Amino acid sequence: NRHLLQIEGMHPPQIDAMLDLAESYVLLNRSGKTQRDLLRGRTLINLFFEDSTRTRTSFELAGKRLGADVINMSVSTSSVNKGETLLDTAATLNAMNCDLLVVRHDQSGAPALLAQKVDAAVINAGDGTHEHPTQALLDALTIRRRKGRLQGLTIAICGDVLHSRVARSNIHLLTAMGSRVRVVGPPTLLPSNAERLGVDVFHDMKSGLDGADIVMMLRLQRERMNRSLIPSFREYFRFYGLDSEKFAYAKPDALVMHPGPMNRGVEIDSAVADHPERSVIKEQVEMGVAVRMAVLDILSRANHRND
Ligand code: CP
């Protein structure tokens with residue numbers, strides 16, 4: 001495939017191949033070696049219409065470690081502020097012969113629209129409430145490295161699933177790979193069609209976490225909520241915030257994950273987030289660089305230029 005727009009529709013062998021390649025990049029990164037000729041002469045543009053710390057930085061690092069010229073376009077100081085449309089912005093970047101375009105946008109489907117209009121390979125770095133494919137891949141790599149497999153694991157995705165593109169990509173990936181996926185949260189924050197996505201639905205943390213191998217916490221995506229529907233943080237933490245007491249409902253060797261950014265004291269307590277053995281949140285960030293190197297590697301080969 002020329003682009004990476006979503007996990008939905010990807011087959012297990014494709015996912016396994018990406019994770020295997022990412023695994024080799026974990027080892028390369030840890031050894032301190034680089035592979036700077038792979039993308040030499042290629043240009044990667046990070047085009048982020050929404051804020052980001054992890055995704056934008058790790059795509060920049062991944063591109064540079066493979067030898068690409070990386071440009072971070074600052075949308076807040078670009079001509080988008082003068083009324084230039086998404087498609088005109090893309091056409092402008094296309095005219096500069098960009099090879100890889102990494103796009104984050106608040107509108108679901110924006111990267112797919114761009115993919116029809118530009119010659120570059122487009123990578124979805126998160127679009128609206130739709131998908132965040134590289135996040136799901138890095139989460140899967142983290143789980144596979146720690147638990148040795150994805151198949152048969154019970155994975156509880158907790159909190160604001162309704163507005164979460166991370167949750168949607170993870171549900172598609174993990175169900176495809178044979179994990180048992182649960183969503184846990186108040187009815188107002190779970191998608192009404194959750195069962196049709198192949199997951200089990202729980203409204204309380206005790207039953208939702210019972211026997212879970214992995215507990216994946218999500219931030220309340222206030223920026224996507226109607227203001228009148230934003231819950232009180234204190235009340236939310238009491239019922240759905242992951243503290244040591246609620247974490248004890250999961251298996252004794254369960255791991256906690258969070259895609260970031262975390263809101264401590266809202267969806268997760270620091271004692272759990274910083275747990276030395278059972279929190280893999282920092283490891284997720286490390287895996288993010290390796291996964292993005294693997295994605296750039298695969299897409300650059302699929303979009304090979306004869307120059
Ligand atoms: N997980 C994630 O997408 O983080 P950023 O918003 O910081 O990129």
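The ligand is surrounded by S52, T53, R54, T55, R104, H132, Q135, P259 and G260, where a residue counts as near if one of its heavy atoms lies within 4 Å of the molecule. This is a predicted model, in which local features need pLDDT of at least 70, side-chain atom pairs count only at pLDDT 80 or more, and totals for chains, interfaces and linings use all residues. Residues are numbered from 1 along each chain as its sequence is written, and side-chain values use heavy atoms, with hydrogens and water left out.

**Ligand contacts**

- The shell around the ligand consists of one nonpolar, six polar and two charged residues; Ala, Val, Leu, Ile, Met, Phe, Trp, Tyr, Cys and Pro count as nonpolar, Asp, Glu, Lys and Arg as charged, and the others, Gly among them, as polar.
- At T55 an N or O atom of the side chain lies 2.6 Å from an oxygen atom of the ligand.
- Of the 250 Å² of accessible area that the ligand has on its own, the protein covers 91% (Shrake-Rupley method, 1.4 Å probe).

**Pocket and binding site**

- The ligand takes up the space of the largest pocket; on a 1 Å grid over the protein atoms alone, a pocket is an open set of points with protein on both sides within 12 Å along at least five of seven lines, and lining residues have an atom within 4 Å of a point.
- UniProt, in an unreviewed entry, places a "binding site" at R54, T55, R104, H132, Q135, G260 and P261; such annotations may be inferred rather than shown by experiment.
- From this set, R54, T55, R104, H132, Q135, G260 and P261 belong to the lining of the largest pocket.

**Annotated domains**

- The unreviewed UniProt entry gives "domain: Aspartate/ornithine carbamoyltransferase carbamoyl-P binding" at residues 2–144.
- Residues 2–144 are 43% helix and 17% strand, with end C-alpha atoms 26 Å apart; helices (H or I, at least four residues) and strands (E, at least two) are DSSP runs.
- The annotation "domain: Aspartate/ornithine carbamoyltransferase Asp/Orn-binding", also from UniProt (unreviewed entry), covers residues 151–298.
- Residues 151–298 are 34% helix and 14% strand, and their end C-alpha atoms lie 24 Å apart.

**Local backbone**

- R104 is in strand β3 (residues 100–105).
- G260 and P261 are joined by a cis peptide bond, with omega about -5°, and P261 sits in the loop between β9 (255–257) and α10 (270–273).
- N97 is not a glycine but has a positive phi of about 60°; N97 lies in the loop between α3 (86–95) and β3.

Definitions and conventions
Polar contact = N/O pair within 3.5 Å; in protein donor to acceptor, adjacent residues only side chain to side chain. 1 Å grid on protein atoms, 1.4 Å probe; cavity = no way out; pocket = protein on both sides within 12 Å on 5 of 7 lines; lining within 4 Å. Sits in = over half its atoms within 2 Å of the grid points.
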